[in-house]
Amino acid sequence: MFKEVPLEGGTVIGFECSGTLTKADLESLQAVLDARLARMHKPSLVIFMDDFDSYEDASAALADLRIDMKHHADLARVAIVANKAWLKWGTLLADLVTGADLKSFEPGDRDAALRWARGGS
């Protein structure tokens with residue numbers, strides 16, 4: 001499942017993904033992201049995935065890929081907060097095909113991820 005995480009400042013969108021993500025979850029996430037992007041110009045995105053397990057099936061993973069492809073140039077920075085090695089590798093691969101600057105962070109570095117997403121180092 002996913003939920004939107006309200007973040008102060010108005011230039012960063014936040015989501016928390018946990019458990020198993022389904023295709024329906026990702027379609028709902030895309031609708032929320034589309035609505036936020038309609039009101040913001042090139043915001044950053046922070047995705048907290050500390051408790052994310054997996055995708056339900058290939059259709060869910062494909063729905064996630066569609067979101068990445070659709071919004072490849074709409075975001076300034078994307079911070080992924082996760083402790084799974086395959087998510088970190090996925091961040092590195094996604095960085096090659098998106099217009100956004102992507103970076104992964106350990107779960108204990110949530111504040112650093114937010115600072116970075118807001119334009120800090």
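Start with the rings: the structure holds three aromatic pairs (rings of Phe, Tyr and Trp, the last by its six-membered ring, with centres within 6.5 Å; planes under 30 degrees apart are stacked, over 60 edge-to-face, the rest tilted). Select Phe2 and Phe15, an edge-to-face pair with 5.8 Å centre to centre and 70° between the planes. Phe2 sits in strand β1 (residues 2-4) and Phe15 in strand β2 (residues 12-21), so this pair ties together parts 13 residues apart in sequence. Helices (H or I, at least four residues) and strands (E, at least two) are DSSP runs, numbered from the N terminus.

Before moving on, note that this is a predicted model: local features need pLDDT of at least 70, side-chain atom pairs count only at pLDDT 80 or more, and totals for chains, interfaces and linings use all residues. Residues are numbered from 1 along each chain as its sequence is written, and side-chain values use heavy atoms, leaving out hydrogens and water.

How buried is Phe15? Its relative accessibility is 1%, so Phe15 counts as buried (under 20% is buried, over 50% exposed, in between partly exposed; 1.4 Å probe, protein chains only). Phe2 is buried too, at 17%.

Next, pick Phe105 and Trp116: a tilted pair, 5.9 Å centre to centre with 55° between the planes. Phe105 is in strand β5 (residues 101-105) and Trp116 in helix α4 (residues 110-117), 11 residues apart. Both Phe105 and Trp116 are buried.

Last stop: select Leu65 in helix α2 (residues 58-70). With 44% relative accessibility, Leu65 counts as partly exposed.
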